[in-house]
Amino acid sequence: MQIRSLSKLLVDLKDSFGEQDTISIDFILKALHERSFGIMLLIFAMPAAIPLPGLGINLIIAAPLLFLTAQQALGRDSIWFPQKMRDKSISSERFERMLNAALPIIRRIELLVKPRLGFVTQGVFSYLIGFCGLIMALSVCVPLPLTNTVPSAGIALMAIGVIMRDGLAVIVGALLGLLWVAMLGYVLIFIGTEGLDTIKEAIKSFA
């Protein structure tokens, strides 16, 4: 069976709006079926990957990623949201504008991403993808400026890989994020909080 590209998936989603004035989260999740995890992670990870020089909002941007990757790590096939959250809606016109703005970027990404090593995106590997994503999301909470970028980019790349059944993209995203986490862990274990202060000053010097 041919895998729908991400852009085709979003165009089909847009076409499914029909004459509705508002689109609920419940409608979006049902329309995306099993690919809702990848789409929702991408939606939250891409803004989270924008460099943030200030502190204090790391936990806020990490919260949706933690919520989604934890469920993925537990092996859920579909996203659980409280019913009140599922009932929340957005103007279909506004959502359509968002999709139209994202489509040109996504189509450029699709030049590099294609179905390959599909087994890495399914089955038992789904647990590993969720676990890796959860570790990366936890590292976003580290109170350092600009440190949200690398792990969030890793999660976004893994999400794209899952959506497009591109195992290579998943592997690259996992390596990118986990190497960053390993570096932070090494600094904390062998150097201590002074090492984090050094990283903070180094980041600030490039900011």
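Modeller: First, the terms: axes are lines fitted to C-alpha atoms, for helices over the stretch in contact, and angles between N-to-C directions run from 0 to 180 degrees. Helices are DSSP runs of H or I with at least four residues, strands are E runs of at least two, and both are numbered from the N terminus. The model is predicted, with pLDDT of at least 70 required for local features and 80 or more for side-chain atom pairs, while totals for chains, interfaces and linings use all residues. Numbering starts from 1 along each chain as its sequence is written, and side-chain values use heavy atoms, without hydrogens or water.

Colleague: At what angle do α7 and α8 pack?

Modeller: The angle between α7 and α8 is about 155°, and their axes lie 8 Å apart. That makes α7 roughly antiparallel to α8, a term used for angles over 145 degrees.

Colleague: Which residues of α7 and α8 make the contact?

Modeller: Contact means heavy atoms within 4.5 Å. On the α7 side the contact is made by Ile129, Cys132, Gly133, Met136, Ala137, Ser139 and Val140. Facing them from α8 are Pro151, Ser152, Gly154, Ile155, Met158 and Val162.

Colleague: How does the contact of α7 with α8 divide by class?

Modeller: The contact of α7 with α8 has nine nonpolar residues, four polar ones and no charged ones. Here Ala, Val, Leu, Ile, Met, Phe, Trp, Tyr, Cys and Pro count as nonpolar, Asp, Glu, Lys and Arg as charged, and the others, including Gly, as polar.

Colleague: And α3 with α4: how do their axes cross?

Modeller: Helix α3 covers residues 36–48 and helix α4 residues 58–73; their axes come within 9 Å and cross at roughly 155°. α3 and α4 are therefore roughly antiparallel to each other. From α3, the residues Phe37, Met40, Leu41, Phe44, Ala45 and Ala48 meet Ile61, Pro64, Leu65, Leu68, Thr69, Gln71 and Gln72 of α4. The contact of α3 with α4 has ten nonpolar, three polar and no charged residues.

Colleague: What about α1 and α6?

Modeller: The axes of α1 and α6 cross at roughly 165° and come within 10 Å. α1 and α6 are therefore roughly antiparallel to each other. α1 contributes Leu6, Ser7, Leu10, Val11, Leu13 and Lys14 to the contact, and α6 contributes Phe95, Glu96, Leu99, Asn100, Leu103, Ile106 and Arg107. The residues of the contact of α1 with α6 divide into eight nonpolar, two polar and three charged.

Colleague: What lines the largest cavity?

Modeller: The lining of the largest cavity consists of Gly38, Leu41, Thr69, Gln72, Ile129, Gly133, Ile155, Met158, Ala159 and Val162. Two or more of the lining residues come from each of α3, α4, α7 (124–140) and α8 (149–164). With four residues, α8 gives the most to the lining of the largest cavity.

Colleague: How much space lies in the largest pocket?

Modeller: The largest pocket holds about 720 Å³ of space. Its lining has 30 residues, and Ile39, Ile43, Phe44, Phe95 and Met98 lie nearest its centre. The elements giving two or more residues to the lining of the largest pocket are α1 (6–15), α2 (25–32), α3, α4, β2 (89–91) and α6 (92–109). The lining of the largest pocket divides into 28 nonpolar residues, one polar and one charged.

Colleague: And what of the second largest pocket?

Modeller: About 320 Å³ of space lies in the second largest pocket. Sixteen residues line the second largest pocket, with Glu34, Arg76, Asp77, Thr121 and Ser126 closest to its centre. α7 gives the most to the lining of the second largest pocket, with three residues. By class, the lining of the second largest pocket has four nonpolar, seven polar and five charged residues.

Technical notes:
Parallel < 35°, antiparallel > 145°, perpendicular 65-115°, else oblique. 1 Å grid on protein atoms, 1.4 Å probe; cavity = no way out; pocket = protein on both sides within 12 Å on 5 of 7 lines; lining within 4 Å. Points joined across faces, edges and corners; volume = space filled by probe spheres on them.
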